[in-house]
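Thanks for coming, everyone. I have one structure to walk through today. Let me put it on the screen.

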Amino acid sequence: GIVQFALVYHARDVATTAAQEGARLAAAEGRTPEEGEARARDVLQSGLGNTGAGFSVTAEDTGETVVVEARGDYPLIIPWVTGNSIPIEVEAEVRREEFRSGP
């Protein structure tokens, strides 16, 4: 049980980091939400391997901010506890970096 908890906790941390990294990149001046999505996918695959490839990533530019969401199912090694997998859903929002004239 402790090992399973640690694996799920790690997977959630990787997903959170991926969303934050993607949002941070997409919010940089001259960058696009698509670049943020790609960065988030790279981080997921680096941290979770093939499981990370199964996560869906979306990025949205709201004008003032960029929101990146990562969602997926993390497989459990002890399936009889709660089923075959546990859903992980994270979101990161970063304010757009751009020059604004005025005081």
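This is a predicted model: local features need pLDDT of at least 70, side-chain atom pairs count only at pLDDT 80 or more; totals for chains, interfaces and linings use all residues.

**A walk through the fold**

β1 and β2 pair in the antiparallel sense, and six bridges hold that pairing. One example of a facing pair: S56 stands opposite R71 in β2.

Two facing pairs to find on the screen: V68 is opposite A92 in β3, and A70 is opposite V90 in β3.

What about β2 itself? Eight of its 11 residues are buried, so β2 is largely enclosed by the rest of the structure.

Let's stop at one residue in that strand. T65 sits in β2, which covers residues 65–75. Is T65 buried or exposed? Buried: the cut-off is under 20% relative accessible area, and T65 comes in at 13%. The T65 side chain makes a polar contact of 2.6 Å with the side chain of T62. A polar contact of 3.1 Å links the side chains of T65 and E93. Leaving out residues up to four places away in sequence, T65 touches E60, E93, V94, R95 and R96.

Next, the whole chain. The protein chain has four helices and three strands. Starting at the N terminus, the order of elements is α-α-α-β-β-α-β. The chain has 103 residues, and 36% of them count as buried. Along its principal axes, the C-alpha trace spans about 60 × 25 × 15 Å. Take the contacts between residues at least 6 apart in sequence: 55% of them join residues at least 24 apart.

**The helices**

Start with α1, residues 2–27. How far apart should its ends be? The helix has 26 residues, and at 1.5 Å a residue they should span 38 Å. The end C-alpha atoms are 37 Å apart, which agrees.

α1 has a list of buried residues, including Q4, V8, A11, V14 and A15. Further along, A18, A19, G22, A23, A26 and A27 are buried as well. The buried residues of α1 pack against α2, β2 and β3.

V3 is also in α1. Here the label is exposed, because V3 has 53% relative accessibility and the cut-off for exposed is over 50%. V3 and N84 are 81 residues apart along the chain, and their C-alpha atoms are separated by 16 Å.

At 1.5 Å a residue, the 16 residues of α2 should span 22 Å, and the end C-alpha atoms are 22 Å apart, which agrees.

Which residues of α2 are buried? They are P33, G36, E37, A40, V43, L44 and L48. Seen down the axis of α2, these buried residues fall within an arc of 130°, so they line one face of the helix.

The face of α2 turned away from the buried side carries the exposed residues E34 and S46. And the buried residues of α2 pack against α1, α3 (50–53), β1 and β2. After α2 comes G49, with a positive phi near 65°.

The buried residues of α1 pack against β2 and β3, and against α2.

Key:
Residues are numbered from 1 along each chain as its sequence is written. Side-chain values use heavy atoms; hydrogens and water are left out. Buried means under 20% relative accessible area, exposed over 50%, partly exposed in between (1.4 Å probe, protein chains only). A polar contact is a pair of N or O atoms within 3.5 Å; within protein, one must be able to donate a hydrogen and the other to accept it, and residues adjacent in sequence count only if both atoms are side-chain atoms. Contact means heavy atoms within 4.5 Å. Two strands pair if DSSP finds at least two bridges between them. The expected span of a helix is 1.5 Å times one less than its number of residues. The arc is that of the directions from the helix axis to the C-beta atoms.
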